[in-house]
Amino acid sequence: MKFGTKAIHAGQEPDPTTGAVMTPIYQTSTFWQASPGKHQGYAYARGKNPTRTALEKCLAALENAEHGLCFSSGMGATDAVIKMLKPGDEVITGNDLYGGTYRMFTKVFANYGIKFHFIDLSNPQNIVPYINANTKLLWVETPTNPTMQIVDIEACANISKAHHLTFAVDNTFASPYLQNPLALGADIVMHSVTKYLGGHSDVIMGALITNNDEIHEKLAFIHNSCGATPGPMDSFLVLRGLKTLHLRMKAHCENGAKVAHFLKNHPKIEKVYWPGFEEHPNHAIAKKQMRDFGGMISIVLKDADLQRTFDVASSFKVFTLAESLGGVESLINHPATMTHASIPKEEREKAGVVDSLLRLSVGVEDIEDLLEDLQNALK
Ligand code: P1T
């Protein structure tokens with residue numbers, strides 16, 4: 001089955017009791033047992049709920065994978081991956097990450113004796129000197145949030161295999177429409193489902209997808225034991241959102257390319273981060289591992305102090321100033337004070353997340369309105 005057909009149908013059969021074509025919202029915490037342990041596959045909804053099962057199957061299908069698990073947020077999903085580790089274990093990851101991921105690694109799990117190395121992954125060979133006998137996990141975001149660095153997934157997978165590391169990719173910015181890390185050798189794909197998969201800025205959810213039975217068993221155990229599981233209503237909303245994922249992503253990519261080219265020639269802009277430009281340092285890798293370049297773009301304003309940056313960010317009429325991304329509506333965000341505020345200034349500036357950087361999530365509105373809004377806000 002092709003991608004769009006799977007987005008609409010995978011994991012979803014007409015309801016066996018009523019024939020309902022859409023998967024019902026099974027709003028129940030528990031399930032009847034004929035005698036102790038004798039149930040119809042569902043016992044207690046933290047462990048399993050039929051609406052969530054349909055969604056997990058659909059998400060796994062979109063990554064061409066065997067197993068999917070949905071979590072109550074993207075952070076909940078990341079948390080479960082790190083909980084596979086033990087005190088003393090080490091993780092290698094990028095130096096440009098979603099601020100919440102950086103915060104969890106440095107402020108939560110560092111206290112449990114797990115060591116994190118934040119390094120420049122634009123050349124995967126940079127990983128090798130950091131590997132030692134304690135290194136267990138390579139955690140990669142690509143494209144990165146917010147500077148749109150591209151990390152070579154296949155090269156990272158080869159290094160991980162050679163050194164017996166588990167390799168996880170946060171595929172949030174690309175979505176499975178643009179990139180399938182498991183096919184390139186990753187062990188785990190993580191998604192903030194909140195973003196493109198949900199697609200309508202009305203749900204917080206995360207997912208972990210894998211083809212490795214052993215990893216899936218470990219993650220499923222943590223999922224049920226620690227309990228960061230989403231409810232059936234949210235699962236239904238994402239199933240509904242997924243039905244247009246392929247249509248939305250096409251439109252995000254088209255609008256994203258037009259906005260990126262418009263901004264590139266704008267006199268008030270110093271720099272545009274978008275992997276579709278030929279001069280992007282890893283454009284060739286982006287072309288190799290992604291089907292298109294997406295709707296996420298970051299810009300650095302020319303000669304702008306914090307006040308000027310705030311003034312620009314607040315003057316949009318169509319783009320909404322808000323955290324998050326990947327919904328049908330265009331959003332603008334100031335990473336330094338919003339999504340990446342928990343990263344110390346010196347750290348974030350090493351990756352280019354300066355005070356004059358703004359991040360755009362280009363939505364699927366009419367392109368003329370988006371370009372006019374940008375033109376007016378950048379005056
Ligand atoms: O918000 P949540 O569903 O918990 O997902 C966390 C997360 C994980 N990974 C990436 C790459 C992300 O961008 C996010 C969430 N990001 C934002 C809210 C943001 O505006 O960047």
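1. The labels H and S stand for helices (H or I, at least four residues) and strands (E, at least two), which are DSSP runs numbered from the N terminus. Although Met148 is not a glycine, its phi is positive, at about 60°.

2. Before going on, please keep in mind that this is a predicted model, where local features need pLDDT of at least 70 and side-chain atom pairs count only at pLDDT 80 or more, while totals for chains, interfaces and linings use all residues. Residues are numbered from 1 along each chain as its sequence is written, and side-chain values use heavy atoms, with hydrogens and water left out.

3. What kind of peptide bond joins Thr142 and Pro143? The bond is cis, with omega about -10°. Pro143 is found in the loop between strand S4 (135–141) and helix H5 (153–162).

4. Now turn to the ligand. It is surrounded by 19 residues, and the closest are Asp170, Thr194, Lys195, Ser324 and Arg359; a residue is near a molecule if one of its heavy atoms lies within 4 Å of it. By class, this shell has 6 nonpolar, 8 polar and 5 charged residues. In this scheme Ala, Val, Leu, Ile, Met, Phe, Trp, Tyr, Cys and Pro count as nonpolar, Asp, Glu, Lys and Arg as charged, and the others, Gly among them, as polar.

5. Which parts of the chain supply the shell around the ligand? Helix H3 (74–82) and strand S6 (188–192) each give at least two residues. Domain 1 (3–242) and domain 2 (245–377) each contribute at least three residues to the shell; the domain bounds come from an automatic or database domain assignment.

6. A polar side-chain atom of Ser192 is 2.9 Å from an oxygen atom of the ligand, and a polar side-chain atom of Lys195 is 3.2 Å from a nitrogen atom of the ligand. From Ser324, a backbone N or O atom comes within reach of a ligand oxygen atom, at 2.7 Å. The ligand taken alone exposes 480 Å², and the protein buries 94% of that (accessible areas by the Shrake-Rupley method with a 1.4 Å probe).

7. There are 2 cavities of 30 Å³ or more. On a 1 Å grid over the protein atoms alone, a cavity is a set of points where a 1.4 Å probe fits but cannot get out, a pocket is an open set with protein on both sides within 12 Å along at least five of seven lines, and lining residues have an atom within 4 Å of a point. Grid points are joined across faces, edges and corners, and a volume is the space filled by probe spheres set on the points.

8. The largest cavity has a volume of about 100 Å³, and its lining includes Tyr102, Phe118 and His340. Why does the largest cavity lie between domain 1 (3–242) and domain 2 (245–377)? Both domains give residues to its lining, so it lies between them. The second largest cavity holds about 40 Å³ of space, with Ile119, Leu121 and Val140 among its lining residues.

9. Finally, the largest pocket has a volume of about 540 Å³. Its lining has 18 residues, with Asp15, Pro16, Tyr26, Tyr42 and Pro50 nearest the centre; by class they divide into 9 nonpolar, 6 polar and 3 charged.

Technical notes:
A polar contact is a pair of N or O atoms within 3.5 Å; within protein, one must be able to donate a hydrogen and the other to accept it, and residues adjacent in sequence count only if both atoms are side-chain atoms.
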